[in-house]
Amino acid sequence: MKFELKSVAGKSMLFVMAAEAEYGSFLRSRIEPLMTGVGPVEAAVALTKTLARLDAADDLPDLVVSLGSAGSAKLEQTEVYQVSSVSYRDMDASPLGFEKGRTPFLDLPAALELPLRIPGIPEASLSTGGNVISGAAYSDIDADMVDMETYAVLRACQGYKLPLIGLRGISDGAVELQHISGWTEYLHIVDRKLSYGVDSLFTALEDGVFWF
């Protein structure tokens, strides 16, 4: 898997994305991310494998940045939001008495906070899962937006004690999805706006107003 660690102001960053369709010309001019594939399983496998290799080479990044699209029925379409917290909607052991969203026997809350903030980018909560959410299904989601990778990326980062920033551009959700084109239609706009978010991160690091 080809990728490049990006160094800014003495900090190295690994950018992580799921699909080539989200990686347009604006992001291509700035970063070379690790492409994991779609969904929590692929994201967990690809990132953990990569971090293990980097750790063995004593070359772990200082920060991981998860980029991509998200769906939302309440947030502004095509706008970019940074992830304030992320939950795992696939996990439901409630028949055994566990809170929905909490993994049994794992001492973690249902929603995990992402404490780092890039100045000037609005925040939103995120739900990760292996299914595409559309139409009425949003009423069952206890988060502002949905994706398929960030929770898995965060858990892999926690295994190596690495901080994570999540940036998601809203590609769909205003109307019910009928075809893959309902997701891809605005990805070129999301790409451009995500690149501006990356620029804001770089500027904050260079100006010393973002630290970890």
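Biologist: How many residues does the largest nonpolar core have?
Modeller: This is a predicted model, so each value here is computed from it. Inside the core, Leu14, Leu47, Val64, Val86, Met145 and Val153 are the residues with the most contacts. The count for this largest nonpolar core is 29 residues.

Biologist: Which element gives the most to this core?
Modeller: Several elements supply at least two residues each. The strands are E2 (11–17), E4 (63–71), E5 (80–88), E7 (123–128) and E9 (164–172). The helices are H2 (40–56) and H3 (150–159). The element that gives the most, with 6 residues, is H3.

Biologist: Which residues does Val153 contact, leaving aside its neighbours within four places in sequence?
Modeller: Val153 is among the residues with the most contacts inside the core. Here contact means heavy atoms within 4.5 Å. With those neighbours left aside, the partners of Val153 are Val16, Ala43, Leu47, Val64, Ser66 and Leu164.

Biologist: Is H2 roughly parallel or roughly antiparallel to H3?
Modeller: Two packed helices are described by the angle and the distance between their axes. The axes of H2 and H3 come within 8 Å and cross at roughly 25 degrees. Angles under 35 degrees count as roughly parallel. Therefore H2 and H3 are roughly parallel.

Biologist: How many residues of the contact of H2 with H3 are nonpolar, polar and charged?
Modeller: H2 brings Pro40, Ala43, Ala44, Leu47, Thr48 and Leu51. H3 brings Ala152, Val153, Ala156 and Cys157. The contact divides into 9 nonpolar, 1 polar and no charged.

Biologist: Why is H3 described as largely enclosed by the rest of the structure?
Modeller: Look at its residues one by one. Thr150, Tyr151, Ala152, Val153, Leu154, Ala156 and Cys157 are buried. H3 is largely enclosed because the buried share of its residues is 7 of the 10.

Biologist: Which residue just after H3 takes a positive phi?
Modeller: Follow the chain past the end of H3, residues 150–159. The phi there is about 55 degrees. The residue with this positive phi is Lys161.

Biologist: Is Ala9 buried or exposed?
Modeller: Ala9 sits in the loop between strand E1 (6–8) and E2. Its phi is positive, about 50 degrees, although Ala9 is not a glycine. The cut-off for exposed is over 50%. Ala9 has 53% relative accessibility, so it counts as exposed.

Biologist: What is the relative accessible area of Phe105?
Modeller: Phe105 is in the loop between E5 and strand E6 (111–113). Its phi is positive too, near 65 degrees, and Phe105 is a residue other than glycine. Phe105 is exposed, and its relative accessible area is 79%.

Biologist: Which residues does Ser195 contact, leaving aside its neighbours within four places in sequence?
Modeller: Ser195 lies in helix H5 (residues 187–207). It is buried, at 0% relative accessible area. With those neighbours left aside, Ser195 touches Phe26, Leu27 and Arg30.

Biologist: How far apart in space are Arg168 and Glu79, C-alpha to C-alpha?
Modeller: Arg168 lies in strand E9. At 2% relative accessibility, Arg168 is buried. In sequence, Arg168 and Glu79 are 89 residues apart. In space, C-alpha to C-alpha, the separation is 8.3 Å.

Biologist: Is Pro40 buried or exposed?
Modeller: Pro40 lies in helix H2. With neighbours within four places in sequence left aside, it contacts Asp90, Gly129, Gly130, Met148 and Ala152. Buried means under 20% relative accessible area. Pro40 is at 14%, so it counts as buried.

Note on methods. Residues are numbered from 1 along each chain as its sequence is written. This is a predicted model: local features need pLDDT of at least 70, side-chain atom pairs count only at pLDDT 80 or more; totals for chains, interfaces and linings use all residues. Side-chain values use heavy atoms; hydrogens and water are left out. A nonpolar core is a set of buried Ala, Val, Leu, Ile, Met, Phe, Trp, Tyr and Cys residues joined through side-chain atoms within 4.5 Å. Buried means under 20% relative accessible area, exposed over 50%, partly exposed in between (1.4 Å probe, protein chains only). Helices (H or I, at least four residues) and strands (E, at least two) are DSSP runs, numbered from the N terminus. Axes are lines fitted to C-alpha atoms, for helices over the stretch in contact, and angles run from 0 to 180 degrees between N-to-C directions. Angles under 35 degrees count as roughly parallel, over 145 as roughly antiparallel, 65 to 115 as roughly perpendicular and the rest as oblique. Ala, Val, Leu, Ile, Met, Phe, Trp, Tyr, Cys and Pro count as nonpolar, Asp, Glu, Lys and Arg as charged, and the others, Gly among them, as polar.
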